[in-house]
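Me: I would like to go through this model term by term and ask what stands behind each label. Please set each value beside its cut-off before you conclude.

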Amino acid sequence: MSSLRLSTVILPVRRWHEGARDQWTRAEELGFRTAYTYDHLSWREPFRDGPWFGAVPTLTAAATATSRIRLGTLVTSPNFRHPVTLAKELISLDDISGGRVTLGIGAGGSGFDATVLGREAWAPRERADRFAEFVPLLDRLLTEDAVTHRGTHYSADGARGIPGCVQRPRLPFAVAATGPRGMRLAARYGQAWVTTGDPKLTEGGTPEQSAAALRGQLERLGAACADAGRDAAELDRILLTGFTPERGRPLESLDAFVDFAGRHRELGFTELAVHWPIPDSNFAADQRVFERIAAEAPRQLL
């Protein structure tokens, strides 16, 4: 059984010079594999009417403040992004970071960013259709010098991608997916796959039910990879924690976390992403316990 990597998610809710910079540099000091942030224009309560900064500028600043830790989004979506402009930002960010960026990417949702541009929220089928067009076009924009594309939802006319990513052939995609179309995208374009578990089980579900749901998702990922002629073991399998029935309980102690992490490693996950503590929120946790977990849990999960 492979070792389990530990990453963190730092929500962009603090001013850079009033604590945010320190979080990113501390994440590197603690040895997290990757520090991610959410890519939204605003988010749910209690963050909806509070400070919230942009993902790409935040990651750019983090890239200049760190030197080893990987950086990324969990996740970017088509809700307010276009592949052409996103590709340009990603190439720039990958360059500034020296090739340390992972793009978490998903289909988006019906809330938060879905209506902020003054349009109706897309129906689930349209979100899936857009995602199925967005990912292949973004792949081309990050690997080809010039791209022209006429699509149903997205187009490009001689879009230049020079000099391309530092990482070759491009920076890695971590594709968030649970449905069949998303799984196929992960199998074809992903270097990693991301899930938060089954949202129907977050409230009222049991850890055993969650494990069964996650096992089913992993099996469907494996089938999608087989259909694509790819070994599923080539993909990292990332669980974004905090949304399974256990919620924040794994961060209550080192032993609780090691137990939680070990059970999910046995399911087949290769990386867990835990939220940096935020007081008075669903992500509240004791900072000292959190840092002890970061420092000691990976050794216990070798």
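The questions below take up helix packing, backbone geometry and the nonpolar cores of a predicted model.

Me: Why are H1 and H2 called oblique to each other?

Reply: The axes of H1 (residues 20-30) and H2 (residues 55-65) come within 10 Å and cross at roughly 55°. Angles under 35 degrees count as roughly parallel and those from 65 to 115 as roughly perpendicular, and the pair H1 and H2 is therefore oblique. The crossing is right-handed, and the contact is made by Arg21, Trp24 and Thr25 of H1 together with Thr58, Leu59, Ala62 and Ala65 of H2. These contact residues divide into four nonpolar, two polar and one charged.

Me: What makes H6 and H7 roughly parallel?

Reply: H6 (residues 207-227) and H7 (residues 254-267) pack at an angle of about 30°, with their axes 10 Å apart. Because angles under 35 degrees count as roughly parallel, H6 and H7 are given that description. Here Pro207, Ala211, Leu214, Arg215 and Leu218 in H6 meet Arg263, His264 and Leu267 in H7, a contact whose residues divide into five nonpolar, one polar and two charged.

Me: Why is Arg247 called partly exposed, and why is Asp280 called exposed?

Reply: Buried means under 20% relative accessible area and exposed means over 50%, with partly exposed in between. Arg247, in the loop between strand E9 (236-240) and H7, has 26% relative accessibility and therefore counts as partly exposed. Asp280, in the loop between strand E10 (271-275) and helix H8 (287-300), has a relative accessible area of 75% and is therefore exposed.

Me: What makes the phi values of Arg247 and Asp280 worth a remark?

Reply: Most residues other than glycine have a negative phi. Arg247 is not a glycine, yet its phi is positive at about 45°, and Asp280, also not a glycine, has a positive phi of about 55°.

Me: Which peptide bonds are cis, and what is omega for the bond of Ile162 and Pro163 and for that of Arg168 and Pro169?

Reply: Most peptide bonds are trans. The bond joining Ile162 and Pro163 is cis, with omega about 10°, and the bond joining Arg168 and Pro169 is cis with omega about 5°. Pro163 lies in the loop between strand E6 (155-160) and strand E7 (173-176), and Pro169 is found in the loop between E6 and E7.

Me: Which residues have the most contacts inside the largest nonpolar core?

Reply: That core has 68 residues, and those with the most contacts inside it are Phe32, Leu138, Leu142, Phe173, Trp193 and Phe257.

Conventions:
Residues numbered from 1 in each chain as written. Predicted model: local features only at pLDDT ≥ 70, side-chain atom pairs only at ≥ 80, totals over all residues. Heavy atoms only, no water. Core = buried A, V, L, I, M, F, W, Y, C linked by side-chain atoms within 4.5 Å. Buried < 20%, exposed > 50% of the residue type's maximum accessible area, 1.4 Å probe, protein only. Axes fitted to C-alpha atoms, helices over the stretch in contact; angles between N-to-C directions. Helix = DSSP H or I, 4+ residues; strand = E, 2+ residues; numbered from the N terminus. Parallel < 35°, antiparallel > 145°, perpendicular 65-115°, else oblique. Left-handed = near helix turned anticlockwise from the far one by under 90°. Contact = heavy atoms within 4.5 Å. Nonpolar A, V, L, I, M, F, W, Y, C, P; charged D, E, K, R; others polar.
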